[in-house]
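Here is a short note to read with the model open beside you. Take the points in order and find each residue as you go.

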Amino acid sequence: MIPLLFAFLLMIIGSLLFYIKRSGDYKSAVLSNKIESSLELKKTMALGLAIRFNYPRVDKDDGTYEFEKSSDIFLKQLPLEFEEFVAQIFKKKYGGDIYVTRATGDFGIDFEHTRETGLYLGQVKAYRHDLDFKPIAIIHSNMIKQNAVGGYVITTSSFTKAAREYANNLNIQLIDGVQLVDYWLESMDLLVYETNAEYN
């Protein structure tokens, strides 16, 4: 029940933030700044993303699935959809071209990001527990094979101490749930800016 409440809170926060960003009202802008600076709120949003992209479901014999019953206001998506969600955030943040890989035969790479500085490989995890070094090792191995200049390991949770030590000096960005929420909020800012520019 508690995870559902967090997901509900996430939806309210997202809607509120979008409304605030679109309005030019001074009071709304002040409230928006408070939301963006609240670590507690960002942690709640990170948990909401973990639940949204791992929503409990029942797999059927015919290969289809059905999400567990809940309110229609909740966003319910599969872990594979998290890859596209994150890829679009990174495209907004860094530009360039992004290719989301197929679910099978991707050797642990969820997306390839070609920027001016070269190829970056990304792996994403919508998890509630901290990641160990294994996803970092997979990205690093693929970076060497594909001659990539860098990589990302992105999660809704965080990383163990061993994972952070392992990633040191490998040119792999470790992006936890709070940083991901920051990137997400930035991408919303860009979307609102671009939308407003179209009408001006």
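1. Helix α3. This helix has 14 residues and spans 20 Å from its first C-alpha to its last, close to the 20 Å expected at 1.5 Å a residue. The expected span is 1.5 Å times one less than the number of residues. Helices (H or I, at least four residues) and strands (E, at least two) are DSSP runs, numbered from the N terminus.

2. Ground rules. The model is predicted: local features need pLDDT of at least 70, side-chain atom pairs count only at pLDDT 80 or more, and totals for chains, interfaces and linings use all residues. Residues are numbered from 1 along each chain as its sequence is written, and side-chain values use heavy atoms, with hydrogens and water left out.

3. Cover on α3. Ten of the 14 residues in α3 are buried, so the helix is mostly covered (buried means under 20% relative accessible area, exposed over 50%, partly exposed in between, with a 1.4 Å probe and protein chains only). Among the buried ones are Leu41, Met45, Ala46 and Ile51. Lys42 and Arg52 are buried too.

4. Leu49. This residue belongs to helix α3. Leu49 counts as buried because its relative accessibility is 0%. Leu49 and Thr155 are 106 residues apart in sequence, yet 9.8 Å apart in space, C-alpha to C-alpha.

5. The whole chain. The protein chain has seven helices and seven strands. Their order along the sequence is α-α-α-β-β-α-β-β-β-α-β-α-β-α. Of the 200 residues, 42% are buried. The chain exposes about 11600 Å², and carbon and sulfur atoms supply 55% of that area (Shrake-Rupley method, 1.4 Å probe; for residues, only the protein chains shown count as cover).

6. Helix α4. This helix has 16 residues and reaches 23 Å from first C-alpha to last, close to the 22 Å expected at 1.5 Å a residue. Its buried residues include Phe82, Glu83, Ala87 and Ile89. Just after α4, Gly95 has a positive phi of about 70°.

7. The main core. How many residues are in the largest nonpolar core? The count is 24 (a nonpolar core is a set of buried Ala, Val, Leu, Ile, Met, Phe, Trp, Tyr and Cys residues joined through side-chain atoms within 4.5 Å). Phe82, Phe85, Val86, Phe90, Phe111, Ile154 and Leu180 have the most contacts inside it. Elements giving two or more residues to this core are α3 (39–52), α4, β5 (118–125), β6 (150–155) and α7 (177–199). A second, separate core has 15 residues, including Leu121 and Phe159.

8. Val86. Leave aside its neighbours within four places in sequence. Val86 is then in contact with Phe111, Val124, Ile154 and Leu180 (contact means heavy atoms within 4.5 Å).

9. Aromatic pairs. The whole structure holds 14 aromatic pairs. In Phe90 and Tyr94, the ring centres are 5.9 Å apart and the planes meet at 45°, so this pair is tilted (rings of Phe, Tyr and Trp, its six-membered ring, pair if their centres lie within 6.5 Å; planes under 30 degrees apart count as stacked, over 60 as edge-to-face and the rest as tilted). Both residues lie in α4, four residues apart, about one turn of the helix. Phe90 is buried at 0%, whereas Tyr94 is partly exposed at 27%.

10. Charges over rings. The charged end of Lys93 sits over the ring of Tyr94, 5.6 Å from its centre (NZ of Lys or CZ of Arg must be within 6 Å of the ring centre and within 35 degrees of the ring normal). Arg57 lies over the face of Tyr65, 5.9 Å from the ring centre.
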